[in-house]
Amino acid sequence: MQTLTRRHSLLLAAAAALAPAGALGADPGTAAIIAEGGSAEERIEDTRSALELAVAQGCDFLQVNVVPTQEGALVARRDNELSASTDIAAHPEFAARKTAKSIDGAEINGWFAEDFTLPELRTLFCREAQPTLRGGNLKYDGKEPMLTIGEVLQIARDGCVKTGRVIGVCPRLIRSAYFETLDLHVGERLAEELSTQGYVAPAAAIWVQAGDADALKAFARLSPVRRMQMIEPGPYAAGLTTAAALADIHGYAQAIGAHQDLLIDPTAAVFPSPTTLALDAHNAGLAIFSHTARAQNAFLPQALRRTGRGPGDRGDVDKLLVALFSDLIDGLATDIPAEADKARRAVSDAIARQRAHQTPPSG
């Protein structure tokens with residue numbers, strides 16, 4: 001197994017001090033790794049190769065966003081607008097379907113999944129949606145079709161067989177209110193799909209995610225599987241992370257998925273400076289997951305950005321991973337699952353050594 005570089009030895013030695021004392025008796029080694037879009041720094045996100053690689057690299061869950069087709073079939077796409085992530089612009093037969101829509105207060109031009117049938121979408125091939133950040137994935141453009149949510153679930157089950165580990169799926173509901181106006185009830189279709197595929201118990205390897213609390217509350221009436229309230233930094237974050245708000249979330253979800261900046265203060269003079277959110281969530285009876293650890297400078301706290309490099313260049317993401325796992329979170333979403341698994345093991349080993357050293361001898 002690879003180890004973290006020597007320059008992180010001091011950070012690892014301090015990992016136990018960062019962990020809230022006695023918090024649930026947690027072990028970072030049991031924290032779940034959620035592969036957001038799969039191993040998306042090495043393959044085009046949401047493709048079979050990205051998801052299968054993530055399983056091979058040690059992830060525990062595969063995360064995909066769920067969007068509907070015209071007839072209500074569910075496909076795995078970061079966004080329902082397709083021009084960035086597929087080759088649809090190169091299909092003259094679909095040129096006339098390019099349109100402008102107002103969605104969630106934004107005017108968007110392009111081609112939208114909900115305007116196409118599943119057989120039509122099957123003729124498209126995936127492209128790297130962020131070429132300036134993931135230039136290495138351009139060589140995979142045009143090689144793989146998009147996946148249905150049923151195919152994603154099957155990839156997870158196949159991963160269980162191949163690895164002997166439990167591999168789950170985190171389907172995320174996006175733009176639920178917008179799809180409802182089109183009579184496309186994504187939550188209902190997802191609940192039906194999960195039931196058909198045998199995910200019918202709270203202990204099933206599923207976390208249904210959404211930033212829309214109403215969407216999660218509605219889904220709770222349709223399926224017993226676990227639900228996760230996503231929380232982004234911004235003006236509404238403070239109102240969602242108070243003790244009263246966390247207690248309210250506990251009424252309709254079993255976890256929160258908080259942006260990493262809500263767990264590790266990105267503006268603090270000293271890194272890492274954990275907030276109390278992980279402990280607060282646990283005290284409210286909620287599991288807590290961090291999202292989304294990415295390696296590029298643009299996504300890292302200022303203290304971890306490597307000077308003299310651009311926003312798309314890699315920064316010190318391994319320090320972020322160590323800090324997050326040391327905060328005793330229940331899981332972490334990332335597009336670099338191999339590096340996350342390495343950090344998880346290193347932090348778990350460091351904390352185990354620290355706790356063994358602090359345990360008084362028996363007798």
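**Exercise 1. Cysteines**

Solution. The criterion for a disulfide is a pair of cysteine sulfur atoms within 2.5 Å. Next, Cys160 also takes part in no disulfide, the nearest cysteine sulfur, again that of Cys59, being 10 Å away. As to accessibility, Cys126 counts as buried at 1%, whereas Cys160 counts as partly exposed at 25%. Here buried means under 20% relative accessible area, exposed over 50%, and partly exposed in between, with a 1.4 Å probe and protein chains only.

The structure is a predicted model, in which local features need pLDDT of at least 70, side-chain atom pairs count only at pLDDT 80 or more, and totals for chains, interfaces and linings use all residues. Residues are numbered from 1 along each chain as its sequence is written, and side-chain values use heavy atoms, with hydrogens and water left out.

**Exercise 2. Helix α7**

Task: Determine which residues of helix α7 are buried and how they are arranged about its axis.

Solution. The arc is that of the directions from the helix axis to the C-beta atoms. An α-helix has 3.6 residues a turn, so residues three or four places apart point the same way. Just after α7, Gly198 has a positive phi of about 95°.

**Exercise 3. The hairpin of β4 and β5**

Task: Describe the pairing of strands β4 and β5 and identify the residue with positive phi in their hairpin.

Solution. Strand β4 (residues 99–103) pairs with strand β5 (residues 106–110) in the antiparallel sense over five bridges; pairing requires that DSSP finds at least two bridges between the strands. Thr99 has Gly110 in β5 as its bridge partner. Two residues lie between the strands of this hairpin, in which Asp104 takes a positive phi near 50°.

**Exercise 4. Pockets and cavities**

Task: Compare the class make-up of the linings of the two largest pockets, then that of the two cavities.

Solution. On a 1 Å grid over the protein atoms alone, a cavity is a set of points where a 1.4 Å probe fits but cannot get out; a pocket is an open set with protein on both sides within 12 Å along at least five of seven lines, and lining residues have an atom within 4 Å of a point. Nonpolar residues are Ala, Val, Leu, Ile, Met, Phe, Trp, Tyr, Cys and Pro, charged ones are Asp, Glu, Lys and Arg, and the others, Gly among them, are polar.

1. The lining of the largest pocket has seven nonpolar, eight polar and 10 charged residues.
2. The lining of the second largest pocket has 12 nonpolar, five polar and five charged residues; Ala210, Gly211, Asp212, Met230 and Glu232 lie nearest its centre.
3. The lining of the largest cavity has two nonpolar, one polar and six charged residues, with Arg77, Arg78 and Arg127 among them.
4. The lining of the second largest cavity has six nonpolar, one polar and one charged, including Pro266, Phe271 and Pro301.

How values were computed: Helix = DSSP H or I, 4+ residues; strand = E, 2+ residues; numbered from the N terminus.
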